[in-house]
Amino acid sequence: MSSPKSSLKKAFKTIIIPRIRVVIVGLLLIIVSKSASFVAPMAMRSFIDELIPNQDLVGIKNLVIIVLIALVIQAVTSFMLTKLVSVQAQYLITELRAEVQRKVLSLPVRFFDNTQSGALVSRVMKDVEGVKSLVGTGLVQLIGGLFTAAVAFVLLIRISPPLTLFSLAPLALFAVVAIKAFSVVRPVFRERGKIEAEVKGRLTETLAGIRIVKGFHAEKSEEASFNKGIHRLFDNIKKSMIYMALVSSSSILLAGIATTVITGIGGYYIINDQLTLGAFLQFTFLLGLLISPIFQLTSVGTEITDALAGLDRTEELLAEVSEYDTSGSKAFKEPLEQLRFEGVSYAYEEDQLVLKDINLEVKRGEVVALVGTSGAGKSTLASIAASYLTPTQGSLWVNGNPMSDLSLSDYRSKLGVVLQDDFLFDGTLKENLLFVKPDASDNALEEALKAAHVKEFVDRFENGIETVIGERGVKLSGGQRQRVAIARALLANPELLILDEATSSLDTESEALIQQSLATLTKGRATIVIAHRLSTIRNADKIVVLEKGEIVEQGAHEDLFEKKGRYFDLYTRQAKI
Ligand SMILES: Nc1ncnc2c1ncn2[C@@H]1O[C@H](COP(=O)(O)OP(=O)(O)O)[C@@H](O)[C@H]1O
Ligand SMILES: [Mg+2]
């Protein structure tokens with residue numbers, strides 16, 4: 001994690017410098033606004049020391065007008081300032097959110113295996129809000145406060161150096177306390193964002209898995225884990241609140257002491273004619289102008305600390321390497337003719353190979369079926385073909401080019417994937433189908449629905465294809481979901497089709513139906529299919545038997561069956577059940 005200094009520097013470079021014009025206008029406005037705030041206390045002195053004793057009514061009238069004008073200027077400039085910087089800050093937040101979301105989506109699948117999605121949601125929505133404090137209110141208050149304090153200080157010294165010294169001594173003490181407290185609180189704030197993201201992440205997962213939670217009657221344990229999380233959050237907040245309370249109460253105490261001290265000393269000076277009453281009142285006014293921004297600074301300090309912590313996490317995420325950064329650049333527009341695995345090995349964890357030296361070819365128009373017991377590595381192999389994973393050793397060749405040379409986005413555009421637990425978005429059926437091909441014609445849509453046997457059940461829905469299917473498609477049965485997923489793949493018309501247990505939730509009857517459409521579905525493209533029921537892949541051009549990450553047999557159904565090897569075992573064992 002970077003230090004606050006370096007993150008401030010970075011924030012300056014990436015956030016402030018590009019908006020230097022807004023910042024300069026903002027600074028001018030704040031200087032005008034804060035300068036206007038000095039008019040009233042300055043007027044106070046001549047009011048008491050000159051105008052009242054001389055009974056100068058015209059002078060008083062002029063003074064009142066001047067003070068009123070200053071007040072209007074102050075109000076107008078501070079309004080413009082807020083409008084300018086706050087709008088700018090919100091715009092920046094919007095831009096940053098877009099950037100972070102784009103980045104998140106560009107990260108490799110592996111990244112998501114290791115990161116809670118709830119935490120990522122925080123990254124996108126919450127952490128970026130920190131810029132508001134930097135560009136917006138925080139920075140403006142900081143600079144405005146420093147400006148006011150500096151001017152007030154000079155004016156105070158001009159009135160009475162010793163009085164200034166006496167009143168500022170308690171303030172200096174306060175500064176020490178505040179700085180100390182902030183150095184303690186800063187790491188606590190950094191921790192807070194992390195805890196919040198974790199708790200939110202877990203809650204999101206609990207809700208997504210509500211059926212499992214209820215099914216295993218695990219509400220109590222989820223409750224306990226949530227409670228643990230929010231209490232960690234509470235402890236964190238408590239810790240920072242204690243220090244913040246220390247800062248604010250010591251500020252009240254020390255300000256009180258300062259006021260008492262100057263009342264005493266000021267009274268002494270006035271009686272000894274070393275200070276006029278007007279000058280004394282002006283002094284107390286100015287001291288107020290000096291003190292209040294300093295106290296404000298402490299809350300701004302908290303805000304900026306918080307903001308920098310959030311931006312640090314944003315920065316960390318933006319520094320992740322996106323998969324497109326590492327992909328090749330060679331355009332790949334021609335049709336996919338051949339996919340070849342050459343000596344491909346893969347390990348999720350170091351030294352634990354789940355695929356070992358795979359050599360395999362899939363051609364256009366061919367269906368290659370992967371079979372094997374669960375955990376054999378079938379899905380991993382399919383994920384490599386889908387370019388979700390990059391081989392640890394060996395490589396994937398496409399049309400005779402190493403995959404790593406090709407443009408990833410060109411390759412992906414040729415891909416269609418149907419998974420066992422296929423993902424449907426909360427929305428209508430139609431939206432779920434069209435998201436792979438927004439410009440698909442009604443005809444194409446109709447065809448896909450028919451071929452995947454979606455039509456049968458959709459026609460029974462009151463709203464037909466406009467039916468809302470709920471988050472993750474929960475309002476459909478497993479088999480219906482899979483049929484929708486297959487229709488979606490059909491609509492996408494991919495050149496490489498990957499079906500990973502895509503028909504496992506179908507009953508035998510609908511599977512037989514789908515089987516017929518799969519024959520159409522696989523025509524003219526390369527297909528990799530992983531099927532739960534071996535009877536469904538009998539017609540594959542090539543059946544590949546995987547065992548503990550290695551290819552132990554491959555060939556057509558009849559050949560393998562006659563061979564009475566691993567495939568035969570798997571097949572007959574399944575037939576018995
Ligand atoms: N994301 C992952 N992280 C770590 N290990 C994984 C991951 N996915 C799968 N594995 C492991 O890789 C092996 C092969 O898994 P997989 O390819 O899903 O098998 P299959 O699809 O044949 O059932 C298994 O031992 C599994 O535990
Ligand atoms: Mg699998």
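Visitor: Where is Lys-548 found?

Guide: Start with how elements are named. Helices (H or I, at least four residues) and strands (E, at least two) are DSSP runs, numbered from the N terminus. Here, Lys-548 sits in the loop between strand S9 (542-547) and strand S10 (550-555). Its phi is near 45°, a positive value in a residue other than glycine.

Visitor: What should I know about the model itself?

Guide: This is a predicted model: local features need pLDDT of at least 70, side-chain atom pairs count only at pLDDT 80 or more, and totals for chains, interfaces and linings use all residues. Residues are numbered from 1 along each chain as its sequence is written, chains are lettered from A and ligands numbered from 1 in the order in which they are written, and side-chain values use heavy atoms, with hydrogens and water left out.

Visitor: Is Lys-548 buried or exposed?

Guide: Use the cut-offs. Buried means under 20% relative accessible area, exposed means over 50%, and partly exposed is in between (1.4 Å probe, protein chains only). Lys-548 has 69% relative accessibility and counts as exposed.

Visitor: Where does Asp-273 lie?

Guide: In the loop between helix H11 (219-271) and H12. Asp-273 is not a glycine, and its phi is positive, near 60°. Asp-273 is exposed, with a relative accessible area of 71%.

Visitor: Which residue just after H14 takes a positive phi?

Guide: Ser-387, at about 65°. Now look at helix H14 itself, residues 378-385. Among the buried residues of H14 are Lys-378, Leu-381 and Ile-384.

Visitor: How many helices and strands are in the protein?

Guide: There are 22 helices and 10 strands. The protein has a radius of gyration of 35 Å, well over the 25 Å that the rule gives for 577 residues, so it is more spread out than a compact globule. The C-alpha trace spans about 120 × 50 × 50 Å along its principal axes. Of the 577 residues, 45% count as buried.

Visitor: How do I read the surface?

Guide: Accessible areas come from the Shrake-Rupley method with a 1.4 Å probe; for residues, only the protein chains shown count as cover. The protein exposes about 30,200 Å², and carbon and sulfur atoms supply 60% of it.

Visitor: And contacts along the sequence?

Guide: A contact means heavy atoms within 4.5 Å. Take the contacts with a separation of 6 or more: residues 24 or more positions apart account for 78% of them.

Visitor: Can you show me pairs that are apart in sequence?

Guide: Compare C-alpha distances. Arg-158 and Phe-283 are 125 residues apart in sequence and 9.8 Å apart in space. Arg-158 lies in helix H8 (residues 137-159) and is exposed at 68% relative accessible area. Ala-75 and Ser-37 are 38 residues apart in sequence and 9.8 Å apart in space. Ala-75 belongs to helix H4 (residues 57-106) and is partly exposed at 46%. Ile-294 and Gly-473 are 179 residues apart in sequence and 55 Å apart in space. Ile-294 is in helix H12 (residues 277-318) and is partly exposed at 27%.

Visitor: How many salt bridges are there?

Guide: First the rule. A salt bridge is a side-chain nitrogen of Lys or Arg within 4 Å of a carboxyl oxygen of Asp or Glu. The count comes to 18. Follow Lys-455: it meets Glu-446 at 3.1 Å, N to O, and Asp-459 at 3.4 Å, N to O. Glu-446 is partly exposed at 30% relative accessibility, whereas Asp-459 is exposed at 52%. Another pair is Glu-219 and Lys-214, at 4.0 Å, N to O. Here Glu-219 is partly exposed at 30% and Lys-214 is exposed at 51%.

Visitor: Which residues are linked in a network of salt bridges?

Guide: Arg-123, Asp-127 and Arg-313.

Visitor: How far apart are the mean positions of the positive and negative charges?

Guide: Lys and Arg count as positive and Asp and Glu as negative; His and the chain ends are not counted. Each charge is placed at NZ of Lys, CZ of Arg, CG of Asp or CD of Glu. The protein has 63 positive and 63 negative charges, and their mean positions are 5 Å apart.

Note on methods. Rg over C-alpha atoms; globule rule 2.2 N^0.38 Å.
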